Amino acid sequence: MTGLALLIPVALGLGLLGLAGFFWSIKNGQFDDADGAALRILIDEEDEL
Amino acid sequence: MTAATSNRAPVELPVSDFAIPGMRCAGCISKLESGLVLRPGIVNARVNFTAKRVSVTHLPEMTMPQLLEAITGIGFEAVAISESSGDNDNHEAKRLLKAMAVAGFAMMNIMLLSVSVWSGASGVTRDLFHWLSALIALPTVVYSGQPFFSSAWSALRKGRTNMDVPISIGVTITTALSLYETFTHGPHAYFDGVVMLLFFLLTGRWLDAVMRDRARDGVSALLKQTSAGAMVLQPGSKTAWIDAKALKPNMVMLVAAGERLAADGMVTEGVSSFDLSLLTGETTAQSVVVGSIVHAGTLNLDAPVHVRVTAAGADTAIADIARLMEQASQGKSLYVRVADRAARLYAPAVHTLAALSFLGWMVAGAGWHESLLIAVAVLIITCPCALGLAVPAAQIVVAGALMRAGILVKDGSALERLAEVDLAMFDKTGTLTMGRPTPINLADANGEQKAVLLALARASRHPLSEGIRRALEIEGVAAGKIDQVREVAGAGVFATANGHAVSLGRPDTEISHEGLASELQIQGKPSFVVHFSDEMRPHAAATLSELQSLGLASLIISGDRAESVAPVARALGITAQTSMLPQEKLNAIARQKAAGHKVLMVGDGLNDGPALAAGYASIAPASASDAGQNAADVVFMGDALTPVATAIRAARRTQHIVRQNFILAIGYNALAVPLAIAGYVTPLIAAAAMSGSSLVVVANALRLKNAAK
């Protein structure tokens, strides 16, 4: 039983952390350009300089 | 640069958005972003690849043409996006996504606790878990339930009912009863069911909203026909770029050849011809002289002219058409979506069933508490969880498939209406035909002429030159080498090739009234006259016969003169009405409607706007006017007419799958409801039934992935 007192808050806390992260990423526009983000990894920054 | 940066006042720099349809790869992103910042006056550029847009942050003194010029300089064709296409519509999808995330979080955590309860937790532990569930569920219901509560409330206030009414009642009663159970240490609490229900329903709503947003973004990237502004003559013979919204009467616009007018006006200087096809459907260019009245949205073909603005923005001649369109579209808003029609039958049935089970158990001698529990179980089991997903899941899958095939569907109701049409009415210019001049006798030119033609045509942005360029490039002709190129507005392009003077321009002889033509002259050789006509879209005949096999008869309603419509009608073998004003097109549709037909309108011009809005469903090509694209339910890319048939076929398959989904969802309910009424349903069974039926419905919808083939 004592394990529950620790485990339940931990489980809820981690869940909330994920939820907060998701809200942040929506607000920050992380999902605005999904296709572009996939392509940006291919851009070779060094060549530009 | 450093000095400028440090001295910069803390003001917001202006940001302009451009649509770049030609953006295809990672290289384009880096070329645009790193290329643009190197230009003087541009501070930052950020590409959104998904929307095919670039946002440019620039110094206030940069004008629209300068910015466009900067992007063109890097090698991309850009279109300024007017600010009217705002993003505030995007908020709905975002709000639903947040509500869905909260419901999803709550669902997972409550389920975690519920599983322990189902597997035998009892006494204090069960009470503790119920309390924890309540703690998570209550704020979730308040937050995530809002979209349903507010929609149900507004429907009830109007004396109607929709899908959200049974949902709201079910959610509220179930939450209240579960709270009561928790207080009284009861064995069953339905918090998991409530939250799961919200989660699945919000998923459906969100998919619906995403679909609408994506199509709207796609369409707004195409809006370009009315020029977003004009170069205006300022006092002291200076010029400035003025946005279309800020144009005022009596300003003088400088309209270059190949530019579209941003406002109505009167020509005060210059002689040219104007392409009115977008406005009236007429293919023959109209010549204008000083004193001629010209309208917004028409295209200046030959030479730069000065136009004094007589009416701008809402006062233009287009306003009439806009008014007609608004009236016509009211009929469409009366359409009731399939899901709501189902809800009209479903909601009363569900409520009666729940009330009857309550009464039945009361009469049978069970206590009010037990009867209420059973009534709630009936509500939960019958709550239209899978029904809420049945329609949007199928529609978003098909909209995605169509989008990959270059067909944008504005919203779900468009698909539903498209599936029911039984008569197609086509505009001619720009719809059955390409709506742009295509050279017809290039095969008669010899190799040297073709090479020089292509080189000269590339040097000009005149619509006729573009027609020549497109045709020759498709043919794979290599351009000849020319020097000393200069374009004389109204006359043509002049250059030298191998020391000989060459030119492409207005024919000397007066043959131009036979149709559009331009003349290639090479010094010392006979000249060659290129004739143009408005070619039929590829696969037009095949598409019409396919429509026939789908049970749709076709008609032409055109604003053009009978002589220009006749050849097209003859080639396609369908009847045509000609010289129709926008109002007459509306009347024609109204007559067919009265005769019991559901009319599909396919058109592109401004003059088709009202007809597109009035049709039971409507389709416009991507080359259509703003008004046409805004009024149409479906917009298709590319030259071929095939997407019209493809869209209808896909829409019908969607309706088929939607109907299957309804049957599956209701079938599940039919199995579970007797259990619920008998009082055997526990929260465990409710949860299993709910998620099971939702998954089946979504899986069935995924079968539509190849519907656009």
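Helices (H or I, at least four residues) and strands (E, at least two) are taken here as DSSP runs, numbered from the N terminus. The model is predicted: local features need pLDDT of at least 70, side-chain atom pairs count only at pLDDT 80 or more, and totals for chains, interfaces and linings use all residues. Residues are numbered from 1 along each chain as its sequence is written, and chains are lettered from A, with ligands numbered from 1, in the order in which they are written.

In chain A, helix α1 (residues 2-27) contains G21(A). G21(A) is exposed, because 11 other C-beta atoms lie within 10 Å; a residue counts as exposed at 12 or fewer such atoms, buried at 20 or more and partly exposed in between, with C-beta atoms placed from the backbone. From G21(A) to L42(A) the C-alpha to C-alpha distance is 26 Å, at a sequence separation of 21 residues.

Between the chains, 18 residues of chain A are in contact with 19 residues of chain B, contact meaning C-beta atoms, placed from the backbone, within 7 Å. On the chain B side, these elements each supply at least two residues:

| Element of chain B | Residues |
|---|---|
| α2 | 26-37 |
| β2 | 42-48 |
| α4 | 90-118 |

The most comes from α4(B), with nine residues.

Elsewhere in chain B, strand β17 (residues 483-488) has six residues, of which zero are buried, so β17(B) lies largely in the open. Strand β18 (residues 492-497) of chain B runs antiparallel to β17(B) and is joined to it by four bridges; pairing requires at least two bridges found by DSSP. Opposite D483(B) stands T496(B) of β18(B).

Notes:
Contact = placed C-beta atoms within 7 Å.
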